[in-house]
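Work through the exercises below with the model open. Try each task before reading its solution.

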Amino acid sequence: MGRRKKGRDISGWVVIDKPAGITSTSVVNKVRWAFDAKKAGHAGTLDPDATGVLAVALGEATKTVPFVTDAMKAYHFTVRLGQSTNTDDAEGEVLSESETRPSDKEIEAALPALTGEIMQVPPKFSAVKIDGQRAYKLARDGEEVELTARPLFVESLVLVERPDPDHVTLEMVCGKGGYVRSIARDLGEALGCFGHVRELRRTWSGPFDVEDGVTLEELDAVAKTDAIMEFLGPLEIGLVDLPELPTTESGAVKLRNGNPGMVIGTGVQYGDEAWASLNGQAVAVGRYKAGELHPSRVFNTN
């Protein structure tokens, strides 16, 4: 018999305003401890030195993580011009330097090439897997890392301010799998001056906004008390980009058993992905077919 996980059966989303200097995994572990939850996960890694929105799912909400991970995200970041590093951020070793400093107009003229449907090569120090191993581990071991370009949709990339000749602050909205460090690197190369990320903050991710985030200090102050529930949002937040289809009591029973259940299909087409609800509570996610939802994920909540 396997060992039972310690903690409470608690489900929902917690929006953390992540501080710099801590890994995303460490944040998840802190949230899980504070809520005394059995299970936790996050929707989209932030680099240790990055700040901002880190959405943490507890319990059954972890089943909605893929839908948040696939959602659009927004970043506010500063690029240090004139230097490239091996990590494409300020923590890395400086590899190349340049005295060239582009004008604001030159920077703005280079941004469209990094907007829309682009191909992006991830940083060598990233979590991308190469033959089953993380790229950052291979890079740290001194091995040559060759990563292939991956498609990325960048909805917008705009210049916000130019505080001094060495720095430029940008805002970007992009889809799944985007690396801001790669944007900084590629922008520097396009401008002929090199570049790396100096500061990075994720301002929103799908339905989660940094203004709604809680700090780790605020969470720690109410850890393992009833007051902490103030910071727990419903798991249904992770499904906002999918159509909601009400079901009946009998339909919910079938769905919870993994079988197709009747739903009221309004505004959906055959084969569309959607979620079934009973009194506003998520029952299952699946495909809509001829008046029924065929479940792919079932939520085990009361």
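**Exercise 1. Salt bridges**

Task: How many salt bridges does the structure hold?

Solution. The structure, a predicted model, holds nine salt bridges. The next exercises take some of them in turn.

**Exercise 2. Asp 88 and Arg 185**

Task: Which parts of the chain does the Asp 88–Arg 185 pair tie together?

Solution. 
1. The side chains of Asp 88 and Arg 185 form a salt bridge at 3.6 Å, N to O.
2. Asp 88 sits in the loop between strand E5 (83–85) and strand E6 (94–97), and Arg 185 in helix H5, so the pair links parts 97 residues apart in sequence.
3. Asp 88 is buried, at 6% relative accessibility.
4. Arg 185 is buried too, at 15%.

**Exercise 3. Asp 166 and Arg 101**

Solution. 
1. Their side chains meet in a salt bridge of 2.7 Å, N to O.
2. Asp 166 is in the loop between E10 and E11, and Arg 101 in the loop between E6 and H3, so the bridge ties together parts 65 residues apart in sequence.
3. Asp 166 is partly exposed, at 27% relative accessibility.
4. Arg 101 is partly exposed, with a relative accessible area of 27%.
5. Now look for shared partners.

**Exercise 4. The largest nonpolar core**

Task: Which residues of the largest nonpolar core touch the most other members, and which element gives the most to this core?

Solution. 
1. The core has 27 residues. Tyr 75, Phe 77, Leu 157, Leu 170 and Met 172 touch the most other members.
2. List the elements that give two or more residues: strand E4 (73–81), helix H3 (104–110), strand E10 (150–164), strand E11 (167–174), helix H5 (180–191) and strand E12 (195–205).
3. H5 gives the most, with five residues.
4. Take Met 172. Beyond four places in sequence, its contacts include Tyr 75, Phe 77, Val 154, Leu 157 and Ile 183.
5. Another core lies apart, with 20 residues, among them Ile 10, Val 31, Ala 34 and Val 56.

Definitions and conventions
Residues are numbered from 1 along each chain as its sequence is written. This is a predicted model: local features need pLDDT of at least 70, side-chain atom pairs count only at pLDDT 80 or more; totals for chains, interfaces and linings use all residues. Side-chain values use heavy atoms; hydrogens and water are left out. A nonpolar core is a set of buried Ala, Val, Leu, Ile, Met, Phe, Trp, Tyr and Cys residues joined through side-chain atoms within 4.5 Å. Buried means under 20% relative accessible area, exposed over 50%, partly exposed in between (1.4 Å probe, protein chains only). Helices (H or I, at least four residues) and strands (E, at least two) are DSSP runs, numbered from the N terminus. Contact means heavy atoms within 4.5 Å. A salt bridge is a side-chain nitrogen of Lys or Arg within 4 Å of a carboxyl oxygen of Asp or Glu.
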